Amino acid sequence: MATQPRLNKYAVVTFLFAIAATKAASNKIPDDGASWWSHVATLADDGMEGRNAGSPGHHRAAKYIADKFKQAGLKPGGVGGYLQPVAFNSLRIVEEESSLELVRDGVATKLTLGKEAYMSSRVRPAPTVEAPMVFVAYGLQIPEFKRDDLAGLDLKGKIAVYLSTGPPGLPGAISAHSQSAAERWKSLKAAGAVGSAALSVASAESVGWARASQARLQPSMYLTAPGFNDQVGHNIAITINRDYSEIFFDGSGHTWAEITAAHRDGKPLPTFPLTCSIRAKAKTETKPVKSENVIAVLQGTDPRLRKEIVVLSAHMDHLGVNPALKDDPIFNGAMDNASGVAALLEIASRLGSAPSRPKRTVVFAAVTGEEKGLLGSRYFANHPSVKGTIVADLNMDMFMPIHKLESVVVLGIEESTLADAIGQSAREAGLKILPDPAPQQRRFIRSDQYSFIMAGIPSAAFKFGYEKGSPEEKLQAEWLAKRYHAPSDDLSQPVDKPGAARFCDFLGRAAELVANQPERPRWREESFFKRFERRK
Ligand SMILES: [Zn+2]
């Protein structure tokens, strides 16, 4: 996909700014989706430089969003304005001064970083690590389902080598939760491990090796506020290229081919020590980085219920610029997630100008640092800059309006009473609610709703729906393969704008219904996620 000439894009944007201003003034969501698209076009323009958290482009996007909230008649909900500052440290692994070796029978084989494997900067690596490797199947402990992959294993001082997916047959949300970085590390650490190495199977990969490996070069970010480091003691995290996984199993009595076949067939996986160790040296570089969430408030009308807050969230950050990509270095992030922020702005405009306001307070949160590990939302959910109690989160991330809208997928719908309001809105809009067609993609924990879930708040996330085996499923899969986290997620891709506008209607109405329902949303008694509730 070729990029458009830069000068043209800028001219288009100036024009779209003008259109956006006119549309906001009329306070209507047009059915053709032009207003929604005008926000996408601005946020995903090359001038926003891929909105990397902490970058000037991200800051420009934040100011645009704050302006639109103001035009929609919403009150500032940040600190002294619409912005809530969020402080980070960035961490980069200096690969030229770092190394990874596979040691077997005293012989060390150098692994080329980015080819056979790489060290993840999502954990803060220790300067040196040397430790034997143990294969731990999926590395999961889920007592409710009597699953303990670590039973009988000696992991003290070892690197746990795990399959970066879950076994078939577990409910999607629970499987996703137990595979989160925090949960997996909690189990591995308690069993004595000092590091981890992830093996991947094709069916669970969201990007191929080339894109994942290239992404490793971007610095990771960490919240500086206390209480957010869930990777303490994780001295090294290695990601292994699927094409080279077999070498780690040499001499173990098992093969990678055998493991992947067992996983595919849903058979139990063996656990066993490998015959090799990892010897690693890591040089890191850290820097302070400032970024921001943009928070706006639509005050509720009911004197009692307005103390309860319904959050609508969408992340505004994306992956920035990679100068090594000569043809098109900018990650515009049109679907990921200018689309979601644009929906947030459309819903803000709609609810802000509605003749009657909802009873509960609705807070609009455009958050930073999602691509760095859901950090802006995590900060907001734990340090809200608004007064009141957050009782629900409805999140939009890559809702994928790339074909006709006939149905929606609502991640987490079976977990809470949010289902009532969401179901009603879907019925009114003539939309079917379909089950998650791709639970192995773990989407329930891969966006900002998860920050709220972990803070005990009933949450749901929304996508365009599609049936299994349909042409739409194929389109979605092709999109993931070609454009997800690639520079081609830009403004030149085909998008169903009227469908996106209808989706905004559906979601805005769902938010309104949640904000007006007599009872505060709650987790269902049988929900796995009820355990994270904090009584206030
Ligand atoms: Zn993303």
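This is a predicted model: local features need pLDDT of at least 70, side-chain atom pairs count only at pLDDT 80 or more; totals for chains, interfaces and linings use all residues.
**Entry 1: cysteines**

I began with Cys 276, which counts as buried because its relative accessibility is 2%; buried means under 20% relative accessible area, exposed over 50%, and partly exposed in between, with a 1.4 Å probe and protein chains only. I then looked up Cys 504, which is buried too, with a relative accessible area of 0%. I searched for disulfides and noted 0 in the structure, where a disulfide is a pair of cysteine sulfur atoms within 2.5 Å.

Residues are numbered from 1 along each chain as its sequence is written, and side-chain values use heavy atoms, with hydrogens and water left out.

**Entry 2: the zinc site**

Which residues coordinate the zinc ion? I found Asp 336 (OD), Glu 371 (OE), Glu 371 (OE) and His 485 (NE2), at 2.0 to 2.4 Å; donors are N, O and S atoms within 2.8 Å of the metal (3.2 Å for Na, K and Ca), and sites may look incomplete, since water is not among the atoms. Along the chain, the donors follow the spacing D-x34-E-x113-H. Glu 371 lies in the loop between strand S16 (361-367) and helix H9 (375-382), and His 485 lies in the loop between helix H12 (471-482) and H13, so that this pair, 114 residues apart, links distant parts of the chain. I also checked burial, and both Glu 371 and His 485 are buried.

I looked at the angles next, and the 4 donor atoms subtend 56 to 145° around the zinc ion, which makes the arrangement irregular. Four donors count as tetrahedral if all angles lie between 85 and 135 degrees; four count as square planar and six as octahedral if opposite donors are over 155 degrees apart and all others between 65 and 115; anything else is irregular.

While at Asp 336, I noted that a cis peptide bond joins Asp 336 and Asn 337, with omega about 0°. Asn 337 has its place in helix H8 (residues 334-353); helices (H or I, at least four residues) and strands (E, at least two) are DSSP runs, numbered from the N terminus.

I compared the length of helix H13 (residues 497-516) with expectation: its 20 residues should span 28 Å at 1.5 Å a residue, and its end C-alpha atoms are 29 Å apart, which agrees. The expected span is 1.5 Å times one less than the number of residues. Is H13 largely enclosed or exposed? Of its 20 residues, 14 are buried, so the helix is largely enclosed by the rest of the structure.

I repeated the length check on helix H3 (residues 56-71), whose 16 residues should span 22 Å and whose end C-alpha atoms are 23 Å apart, which agrees. Among the buried residues of H3 I listed Gly 57, Tyr 64 and Phe 69. Just after H3, Gly 73 takes a positive phi of about 85°.

I turned to strand S20 (residues 459-464), where 6 of 6 residues are buried. Ser 459, Ala 461 and Lys 463 point one way from the strand, whereas Ala 460, Phe 462 and Phe 464 point the other way.

Strand S17 (residues 389-396) runs parallel to S20 and is joined to it by 4 bridges; two strands pair if DSSP finds at least two bridges between them. In this pairing, Met 396 stands opposite Phe 462. Strand S18 (residues 407-411) pairs with S20 in the antiparallel sense over 4 bridges, and Val 409 has Lys 463 as its bridge partner.

**Entry 3: two positive phi values**

In the loop between S17 and S18 I found Met 398, a residue other than glycine with a positive phi near 50°. Met 398 is buried, with a relative accessible area of 9%. Glu 49 also has a positive phi near 50°, and it is found in the loop between helix H2 (34-43) and H3. At 36% relative accessibility, Glu 49 counts as partly exposed.
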